[in-house]
Number of protein chains: 6
Amino acid sequence: MNHFDISDIVNGLRLARDDWRQSQDRLRDTEGREFPSRIALNTTMEQLKGALFPMRLGSPELRRENEDYYVGYTLSKALSTLVDQACIELGRHHTVAEQVREQACIAIRSFSETLPELRRILDMDVQAAYQGDPAARSVDEVLLCYPGIVAMIHHRIAHRLYTLELPLLARIIAELAHSQTGIDIHPGAQISEACFIDHGTGVVIGETAIIGQRVRIYQAVTLGAKRFLKDEHGHLQKGQARHPIVEDDVVIYAGATILGRVTLGQGCIIGGNVWITDDVRPGQVVTQASLLQDPSKPPSYPN
Amino acid sequence: MNHFDISDIVNGLRLARDDWRQSQDRLRDTEGREFPSRIALNTTMEQLKGALFPMRLGSPELRRENEDYYVGYTLSKALSTLVDQACIELGRHHTVAEQVREQACIAIRSFSETLPELRRILDMDVQAAYQGDPAARSVDEVLLCYPGIVAMIHHRIAHRLYTLELPLLARIIAELAHSQTGIDIHPGAQISEACFIDHGTGVVIGETAIIGQRVRIYQAVTLGAKRFLKDEHGHLQKGQARHPIVEDDVVIYAGATILGRVTLGQGCIIGGNVWITDDVRPGQVVTQASLLQDPSKPPSYPN
Amino acid sequence: MNHFDISDIVNGLRLARDDWRQSQDRLRDTEGREFPSRIALNTTMEQLKGALFPMRLGSPELRRENEDYYVGYTLSKALSTLVDQACIELGRHHTVAEQVREQACIAIRSFSETLPELRRILDMDVQAAYQGDPAARSVDEVLLCYPGIVAMIHHRIAHRLYTLELPLLARIIAELAHSQTGIDIHPGAQISEACFIDHGTGVVIGETAIIGQRVRIYQAVTLGAKRFLKDEHGHLQKGQARHPIVEDDVVIYAGATILGRVTLGQGCIIGGNVWITDDVRPGQVVTQASLLQDPSKPPSYPN
Amino acid sequence: MNHFDISDIVNGLRLARDDWRQSQDRLRDTEGREFPSRIALNTTMEQLKGALFPMRLGSPELRRENEDYYVGYTLSKALSTLVDQACIELGRHHTVAEQVREQACIAIRSFSETLPELRRILDMDVQAAYQGDPAARSVDEVLLCYPGIVAMIHHRIAHRLYTLELPLLARIIAELAHSQTGIDIHPGAQISEACFIDHGTGVVIGETAIIGQRVRIYQAVTLGAKRFLKDEHGHLQKGQARHPIVEDDVVIYAGATILGRVTLGQGCIIGGNVWITDDVRPGQVVTQASLLQDPSKPPSYPN
Amino acid sequence: MNHFDISDIVNGLRLARDDWRQSQDRLRDTEGREFPSRIALNTTMEQLKGALFPMRLGSPELRRENEDYYVGYTLSKALSTLVDQACIELGRHHTVAEQVREQACIAIRSFSETLPELRRILDMDVQAAYQGDPAARSVDEVLLCYPGIVAMIHHRIAHRLYTLELPLLARIIAELAHSQTGIDIHPGAQISEACFIDHGTGVVIGETAIIGQRVRIYQAVTLGAKRFLKDEHGHLQKGQARHPIVEDDVVIYAGATILGRVTLGQGCIIGGNVWITDDVRPGQVVTQASLLQDPSKPPSYPN
Amino acid sequence: MNHFDISDIVNGLRLARDDWRQSQDRLRDTEGREFPSRIALNTTMEQLKGALFPMRLGSPELRRENEDYYVGYTLSKALSTLVDQACIELGRHHTVAEQVREQACIAIRSFSETLPELRRILDMDVQAAYQGDPAARSVDEVLLCYPGIVAMIHHRIAHRLYTLELPLLARIIAELAHSQTGIDIHPGAQISEACFIDHGTGVVIGETAIIGQRVRIYQAVTLGAKRFLKDEHGHLQKGQARHPIVEDDVVIYAGATILGRVTLGQGCIIGGNVWITDDVRPGQVVTQASLLQDPSKPPSYPN
């Protein structure tokens with residue numbers, strides 16, 4: 001490398017940062033980098049997976065007689081990191097370090113106490129996948145190989161952190177799954193047990209979506225928002241319920257798009273590539289053909 | 001981290017595991033973790049890629065005069081790991097360690113003998129990609145950068161292991177490619193040479209699909225099952241032929257969905273986003289427009 | 001591992017390589033592996049991200065008072081690697097090492113000088129994402145968690161290398177983002193500032209696409225080619241303008257497919273799953289409904 | 001690298017190996033590499049140190065409330081590796097894999113049961129170092145910083161493996177300490193509790209040495225053999241008692257050399273650089289001066 | 001690994017720890033592991049070496065034009081770790097976290113300000129080694145290969161931390177050098193510039209030793225204590241001046257032992273293996289022969 | 001870390017560097033860091049050890065049938081690195097890159113051709129150690145555990161590089177062994193086959209020493225220079241023969257010091273701690289006692 005004038009570029013980048021900070025009102029903030037670490041959370045997720053499913057996702061040399069040691073130790077490492085990361089997230093809005101740590105401890109302790117229940121729900125997800133896919137040969141194949149299970153483990157953990165007021169940790173954990181599986185579930189979404197997402201690439205589930213028990217979803221399904229509301233200043237209104245409600249036992253085939261705060265009634269079936277912006281009755285079967293043949297129920301589209 | 005009552009959580013998780021094991025009839029199994037390792041197979045795949053394409057995917061400091069040493073050594077490491085992993089998969093259903101190892105050796109030896117032929121087929125895939133994409137500047141760019149090639153290398157290896165009765169190894173290898181490329185090919189699928197999958201994200205190819213020579217497939221194409229048959233007990237019938245047959249020289253554009261045991265006849269062209277659940281004649285061009293304009297051939301949809 | 005006849009497989013693989021090389025006229029090339037390294041470029045991209053956004057994507061222990069040292073040092077490592085990798089790419093077509101290195105230095109120096117401007121453009125992308133998504137809670141969440149931002153950072157860097165005649169480096173960098181995000185942008189595409197790709201999985205943007213300012217794109221959108229021109233020998237014509245032009249302030253909803261050298265006029269809105277192969281007027285709103293209801297403007301399809 | 005004729009060197013090395021194997025009667029041994037791994041044993045030693053002293057040598061994030069989980073899990077990993085390594089050592093002389101593993105398990109189980117006692121003895125070593133060195137500020141400094149403690153931990157573990165008929169594992173563990181500290185204790189040596197080796201570099205303690213309680217030894221002290229006995233064929237007689245016996249409360253200053261099966265009586269003091277090949281009475285003070293001044297007790301030297 | 005009763009061993013180890021803690025009055029201490037990390041300090045030392053000698057011990061890709069960026073960034077990482085580690089050391093004796101960190105910052109800031117001077121002194125050490133060894137071919141060989149230089153870099157850094165009331169950090173840094181070089185210098189020792197220790201294995205320099213300028217020391221030299229003073233309770237008196245004073249321009253050949261608070265006068269020469277417990281006059285040459293031939297000056301020995 | 005004024009320290013360090021460079025006449029040298037890498041050479045040494053002793057020091061999963069692949073590949077990596085490092089060393093004194101690389105290739109090719117012979121010599125060293133130590137239980141224990149063998153492997157490789165005019169590479173390789181074993185052999189020393197250094201800590205063998213066949217050396221033996229000759233300017237004369245000649249079958253016990261260009265005659269025995277500065281006759285036994293009792297041969301000492 002010859003004669004790069006690094007200092008010119010360094011200066012140029014500093015000016016660009018200064019302008020950005022000025023535009024964001026951050027010039028006074030001199031306290032260093034205060035963002036949770038994607039790498040740390042990735043390690044933590046591997047540890048939590050091992051603690052939840054020690055013989056299948058944990059350390060290879062493990063034997064049943066030593067499971068509890070492994071679980072206890074792995075858990076204590078994972079929770080310790082989570083407390084640190086939670087401190088970073090909470091610390092961005094608070095100033096007293098002591099209080100931040102106490103709040104972080106309370107949140108992660110609360111999180112940790114729900115882990116046994118979370119394992120039971122994930123077992124139901126695994127069971128649902130095994131029963132829902134003729135290609136699945138065993139529950140273990142499902143746990144080891146199905147991206148939909150990875151997505152559910154991440155989501156169920158992320159969602160609990162989200163409800164404990166740690167949305168940034170939750171979002172990073174969700175995005176780790178999105179990157180690995182192509183399944184993009186916002187941590188705010190509420191998903192009941194025995195959910196099975198097959199193949200999964202391209203699935204998008206929005207922040208305020210609510211999904212009942214035993215729902216089956218295929219690749220490229222979107223549960224999205226129809227339109228975004230703005231306030232009087234033209235800014236987006238954040239936090240509005242704007243995604244679908246999917247009741248128990250619904251099946252949504254690949255490529256279907258459901259938009260807005262609509263309800264898919266219990267046990268209904270949404271065909272592939274179908275575009276839905278209105279409620280669907282319980283038990284109804286909606287396909288592209290049925291839509292075309294029912295002129296009294298014209299499809300509606302977002303703008 | 002203050003005062004986590006780890007032992008309560010450890011106990012809760014043990015109870016959840018016990019319940020799961022009881023539900024799966026596994027209480028007696030005390031032999032430790034017996035699942036193939038995703039990490040080990042990932043390393044093995046990198047080694048096999050290096051042995052197949054030493055100058056392009058192998059060790060950077062390699063020179064032609066030393067290729068064979070590299071290939072031989074890398075191969076022996078990869079095959080050794082494969083035998084170990086095959087023992088783990090086979091051992092789950094057998095009890096005599098000696099026999100398991102012998103069976104694993106036979107399978108992997110058989111696998112290894114087909115590697116030269118596999119390289120020749122992959123060369124045809126590379127050539128097909130180069131000829132099929134105007135953006136491709138060289139065969140090397142294709143091998144280095146095209147996710148479709150990654151998917152084909154993984155699939156062709158996974159498929160051989162699948163036919164050698166190692167479906168779990170095969171599935172993990174397929175899922176490694178799915179995670180990296182967004183292309184989800186079940187290792188059971190039979191794909192002839194010179195197959196080119198472009199862009200690839202969202203492609204799903206099912207377990208019993210059969211694909212001929214020189215087929216071109218774009219992103220988000222599904223070759224899926226139309227419906228799942230259940231036996232008299234309401235359980236899914238596993239192993240039925242339920243995915244499409246794609247004959248030679250077919251092109252399937254992005255987003256097309258072909259469902260069920262239909263046949264796409266030689267040289268036919270399936271337009272983007274088209275939804276197909278019936279046979280297509282050789283040479284036929286099927287688009288959304290053609291479907292709408294041919295009332296004698298109403299589109300059918302899955303339920 | 002017992003009694004693998006490695007030498008037979010090694011010989012078989014050598015014969016396969018020899019045949020390939022003969023078919024590609026490469027028998028004389030004895031100079032070793034001369035391809036850029038995906039691993040090296042991945043590290044370089046992490047360094048460039050750190051140099052561009054030190055407090056958010058850089059080293060965790062960083063503090064503002066030391067930012068410039070970090071930026072300068074990280075940059076010098078990244079640029080040094082880029083020069084080496086550029087030498088490898090350029091060296092494949094040239095023979096005089098001295099000239100190759102000089103050319104590589106000129107290219108990377110030119111690249112480096114645009115980094116401050118690139119940071120400013122990426123800030124606009126971040127701002128656009130924050131303003132465009134009601135689920136985004138802060139600009140920092142956008143930078144840390146949004147795959148669309150990862151894709152834009154990679155693309156803007158890859159595009160500059162592409163215009164500096166380093167298309168292979170550019171392609172690898174683009175594919176690194178594709179693998180991580182499911183967003184496949186060819187480095188040749190020209191994208192103006194404040195571009196926001198939400199969710200992103202399955203997005204494909206072709207080599208000759210041109211995208212204006214403040215464009216918003218959702219998952220599974222394709223900006224593709226309609227058909228490939230062939231020359232008199234039946235070979236694909238490479239380098240032709242064959243992808244859409246998207247003007248300023250356009251919004252393209254999920255799953256829309258726009259094919260060919262068409263123009264989406266300023267401020268128009270393309271609904272979800274819509275299939276477009278003709279120009280769209282500025283301000284026009286195109287949905288599946290509008291297409292069905294406007295018989296004077298029949299949809300056209302590719303063959 | 002240009003034009004190395006690697007194959008000539010490979011051939012030359014193979015011939016050299018063949019000659020060696022012929023000279024060692026090993027031509028038939030085709031079972032692969034069967035030697036314990038220095039790297040594996042190094043990792044195991046770190047784990048055992050952590051299990052023995054969790055809060056000081058174990059994982060940094062550890063807290064007392066989780067100690068037992070850490071100890072149990074770390075121990076189970078260490079013991080698992082020890083069993084594997086013991087199988088390798090024992091397998092070199094046996095043929096039935098089943099029996100080898102059973103024998104290895106028995107040995108390592110026996111080893112594991114003495115760990116609590118071993119910790120108590122090491123605590124006495126630490127206490128002795130703290131009391132014996134005016135520069136030591138705390139028992140923790142001793143445990144963290146004193147090479148003599150590293151040597152004692154390794155030796156006490158190695159010695160138990162040595163008495164359990166695993167001399168090769170023992171030797172590797174001893175050599176790991178030698179390399180790190182310069183203290184070379186043969187695992188056969190018997191050393192009672194509260195032993196303190198200060199500075200340590202150059203200390204050599206032979207295979208059949210016996211050392212009492214509360215002995216203090218400084219750098220470069222040798223407890224060696226005076227001469228080696230040969231049998232009628234001129235081969236060294238192995239396993240003979242040939243190193244000193246050091247009784248309780250002896251102090252040996254730096255550079256002293258004690259050779260042969262002599263006894264240093266209880267509480268005697270051996271001055272620096274002194275050369276001893278005869279018994280020393282309890283309580284006696286031996287210095288270079290005292291040796292020179294006592295003509296009735298001429299110093300003897302080895303040949 | 002079969003049927004280890006890990007829980008018995010875990011219990012046994014817990015009891016051993018409890019007894020130890022009771023004996024050390026530590027039962028109440030529940031605040032976790034609070035010891036500086038050898039691994040962290042090893043990394044820090046590599047960083048400090050790089051910051052002090054960037055082109056020779058720093059990052060390989062470095063060029064002069066970027067040295068300052070490297071130095072500034074590397075330094076900021078090293079100092080940040082040092083502050084953390086200092087907090088751990090200081091925190092063992094204090095309770096208010098705020099004050100501990102402030103004190104740590106003051107100490108490390110003070111340390112950092114002397115680094116330029118420290119580099120100048122080390123340059124003199126390098127120069128002295130080059131001039132003192134006929135085998136040295138260049139000053140760079142000295143810096144890259146001479147263990148004596150490693151020992152001096154560690155010592156000069158450790159000594160400053162020692163004087164800043166961080167004796168545990170200092171001791172660990174000293175022991176890192178001891179382990180690598182066999183040279184054991186207590187961080188309390190005061191060593192003036194242009195000191196050259198050749199070969200070095202076995203050198204021991206005690207806590208209160210004072211060494212002048214341009215002193216040359218060979219392997220296995222001891223500058224030790226003659227005897228340890230005890231107080232009325234029989235405990236060692238810590239902190240007493242008890243090691244030699246070596247004036248400017250002294251040479252001490254291999255294996256010489258100098259014990260007690262004696263003074264080696266300016267420019268004197270101490271022969272190999274000589275044993276000294278009294279003052280040596282300036283300019284005097286002391287050898288084993290001279291000692292034997294000077295009956296008026298009988299050698300004295302420690303008890 | 002608060003408010004370190006890093007820039008002041010950076011400036012201070014720059015000034016110190018500038019002064020050093022001025023004193024060394026190096027201000028014009030702007031070509032970056034040009035020193036061989038200790039880390040790279042450490043890796044290379046591990047590779048060479050594996051290539052020389054594949055089944056014992058090479059990759060654990062190796063089997064005899066694949067040895068040659070491993071040897072060939074490992075060797076090609078090691079030699080490639082050696083050429084690069086040799087270029088760095090040679091490049092410090094030459095300017096034309098082309099010539100430097102050619103010279104480096106010639107040297108390393110010459111080095112590589114002697115590797116088979118080197119393996120045979122090392123086999124003799126191993127055999128000598130096994131026969132010379134009653135504690136050795138097998139030739140494999142010797143190869144795996146004896147620091148003297150590590151030292152001989154490093155020395156024999158370093159010496160060949162030294163004779164090929166690569167003294168800096170040689171020195172670094174020697175120092176790697178010194179750091180690990182405490183045995184400090186200058187790469188210039190000439191050592192014949194079947195050399196056994198037992199325990200080894202503190203052994204120093206000087207640059208111009210010559211050692212015959214079947215020599216046995218114990219810990220802390222010095223083969224050093226008696227005095228250093230200076231030229232008329234008072235500078236040390238470098239390169240003079242100044243270390244001992246040790247003829248065949250000599251044994252030198254621990255702590256013996258032999259200084260100057262003296263000859264230890266064939267088969268002589270040098271007792272422990274003996275100090276020698278004159279020739280020793282073949283077959284002579286020299287002990288401290290014999291020296292004291294032979295007044296006609298007064299011991300001489302260096303000044």
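Guide: Domain bounds come from an automatic or database domain assignment. In this predicted model, that assignment gives domain 1 (32-182) and domain 2 (189-303) of chain A. The centres of domain 1 of chain A and domain 2 of chain A, taken over C-alpha atoms, are 27 Å apart.

Visitor: What makes residues of domain 1 of chain A count as being in contact with domain 2 of chain A?

Guide: Contact requires heavy atoms within 4.5 Å. In domain 1 of chain A, 17 residues are in contact with 18 residues of domain 2 of chain A.

Visitor: How much area do the two domains bury between them, and which residues of domain 1 of chain A lose the most?

Guide: Domain 1 of chain A and domain 2 of chain A bury about 1300 Å² between them, with 57% of it on carbon and sulfur atoms. In domain 1 of chain A, the residues that lose the most area to domain 2 of chain A are A:Met152, A:His155 and A:Gly182, together 26% of what that side buries.

Visitor: How many salt bridges and how many polar contacts are counted between the two domains?

Guide: A salt bridge needs a side-chain nitrogen of Lys or Arg within 4 Å of a carboxyl oxygen of Asp or Glu, and the count between the domains is 0.

Visitor: Which helix supplies the largest share of the side of domain 1 of chain A that touches domain 2 of chain A?

Guide: Helix 8 of chain A does, with 7 residues. Helix 6 (115-132) and helix 8 (147-163) of chain A each supply at least two residues of that side.

Methods: Residues are numbered from 1 along each chain as its sequence is written. Chains are lettered from A and ligands numbered from 1 in the order in which they are written. This is a predicted model: local features need pLDDT of at least 70, side-chain atom pairs count only at pLDDT 80 or more; totals for chains, interfaces and linings use all residues. Side-chain values use heavy atoms; hydrogens and water are left out. Buried area is the accessible area (1.4 Å probe) that two parts lose on being put together, summed over both. Helices (H or I, at least four residues) and strands (E, at least two) are DSSP runs, numbered from the N terminus.
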